[in-house]
Amino acid sequence: MVRRGQIRIFDIVNFLLLAFVAFASLFPFIHMASVALSSPEYVVRNVVGLWPRGFQWDAVSAALGDKRLWIGYRNTLLYLVLGSCISMTLTIMGAYALSRKSLIFGKAVMMIIVFTIMFNGGMIPFYLVMKSYGLMDTIWAMVLPSAINTYNLIIMRTFFQGLPVEIEESGRIDGLSDFGLLPSIIIPLSKPVLMTVGLFYAVEIWNSFSAALLLLRDPNLFPLQLMIRNLVVVGQSGDVLETAAASGKTVVLESLKYALILLGSLPIIMVYPFIQKHFEQGALIGSVKG
Amino acid sequence: MKPTVFKRLKRDRIYLLLLAPVLLYYILFKYVPMFGIVISFKDYNLFKGVWASEWVGLKYYEWFLRNPDAWNIIRNTLLLGLYRFLFLYPTPIMLAVLFYLMRWKRYRRLVQTVSYMPFFMSQVVISSILIMLLSPSTGWINQMIKWAGFEPIYFLQKAEWFRTIYIASDIWQQVGFSTIIYLAALAAIDPQLYEAARMDGAGRWKQTLHVTLPGIVPAMVIVFILQLGGILELSFDKAFLLGNVATLETSDIISTYVYRTGIIGGSYSYASAIDLSMAVISLLLIYTANRVSRKVGETSLW
């Protein structure tokens, strides 16, 4: 609570501190885009800071010319659509059933589920068991093992529990069964939580990296993040550079790498302003768990 | 009278039906791997599989404790977790108070929105950007260092820099988003308390000290306890992406060591023995933290 009044030194200091926070949060992304869109002469001289110099698309188009990036995009999109559908279906089913306070064995099931937050078998048993299920090198490796996120399940269950009982009762009077209530009453009333949890799943799948590292060997199945890591961190981007040079483009490695990272994060950067408030909502429901 | 089990089963059959695939998921993907840890007590044989391999008792645990690398890895994991906690705990509280005291609401919203963004970027993107920014020859940070007249620093090749980079970038990624819980607590403070404090002659500073801060103490306690419980939950992705052979001395933590010796090296039983030891410590930490938070904060994770 700040009362209207004169501006004090603190307000100015606070303004500057927050300006620094905003700058620090954005600078790496802006710098990345600037270098990716600058011409080689400026990049080589290291004079690109906050805005592109000698604006050109060559690095981005060279990156876009690499087939691996497109395979990555295609795979990530496939995993995103398939994974989100499976995750949402399972989470809604589980959360709806567990939101019944009188459900038989409900408490026991909840304990079984929550225990998995605290303890897991670790990487090696996970890897061996997934292998024995035949998930190695299949698209299912990217959607099944992480299908339910327990925190998301709890967020949704808490929301369902908070829905007014009266509405449900009126649905029953209109002749709906337990099962019929879900699509015709519960889901339409739960749009905010469905949106939030759906976004959490989508971002999680878009960003997931270690599952692919563990379970995929076939480069044709690699998601975008693994491709970016191989191209940028491991340094396989050299051959993209050679292909670009052969086609008469002058690109420097630094621009190319930034262009690859940019393309790997662009979808999230673009949708971020529209979905940001849902994340806030989700974090708030998530932080008060029943 | 309470209905019998059979009647309740019949009454809840639709819900149990909905729950069945969910339970199946937890069994197949969480509990079966959990029981798979028996391989740490066995000599894992690729052809016999997990269940038919020979029992060897605590052999691999002894191996680990005799391995001179072991203590280094345990120390790295504990120190990284501890430092991360020490720096990641107070920063969101400070930032939340700054947000709260910002009198230009639109500006505050803008900064808030922008500061959440790094949280939603993948560890691959974050690590890639860090590697680029820290590059000794072309990275922007070393440009600034050279510009200021100093020698460039080979940040990612020097073991002594790893923890600083890991923790500083973690703060950068998470501080904004972590303010949300404190902002919710701050928004719930009764304005009348400020009114009363002003009547008593409290200035802005005194009001912050005696009304604002006490208002978020419950949130601070809960976050403190929960983060203390999760102290060993370090990101494999980030340590794996940022660490390299040159920095193993500080960058090798349990999860990267398990990946290297187990998945890459093929010593499945040995690697899972190490993983299990750490998971047990972690479980104890989380369990204790939750018990305490239930007592102190009257709320808990579950």
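1. The radius of gyration is taken here over C-alpha atoms, and the globule rule is 2.2 Å times the number of residues to the power 0.38. For a compact globule of 290 residues that radius would be near 19 Å, whereas chain A has 24 Å. The C-alpha trace of chain A spans about 75 × 70 × 35 Å along its principal axes.

2. This is a predicted model, in which local features need pLDDT of at least 70 and side-chain atom pairs count only at pLDDT 80 or more, while totals for chains, interfaces and linings use all residues. Residues are numbered from 1 along each chain as its sequence is written, chains are lettered from A and ligands numbered from 1 in the order in which they are written, and side-chain values use heavy atoms, with hydrogens and water left out.

3. Chain A has 14 helices and zero strands. Helices (H or I, at least four residues) and strands (E, at least two) are DSSP runs, numbered from the N terminus.

4. UniProt, in an unreviewed entry, lists residues 73–262 of chain A as "domain: ABC transmembrane type-1". UniProt positions are given in the numbering used here, feature names are shortened, and annotations may be inferred rather than shown by experiment. This span, residues 73–262 of chain A, is 71% helix and 0% strand, and its end C-alpha atoms lie 13 Å apart.

5. Of the 290 residues of chain A, 54% count as buried (under 20% relative accessible area, 1.4 Å probe, protein chains only). Among contacts in chain A (heavy atoms within 4.5 Å) with a separation of 6 or more, 73% come from residues 24 or more positions apart.

Conventions: Buried < 20%, exposed > 50% of the residue type's maximum accessible area, 1.4 Å probe, protein only.
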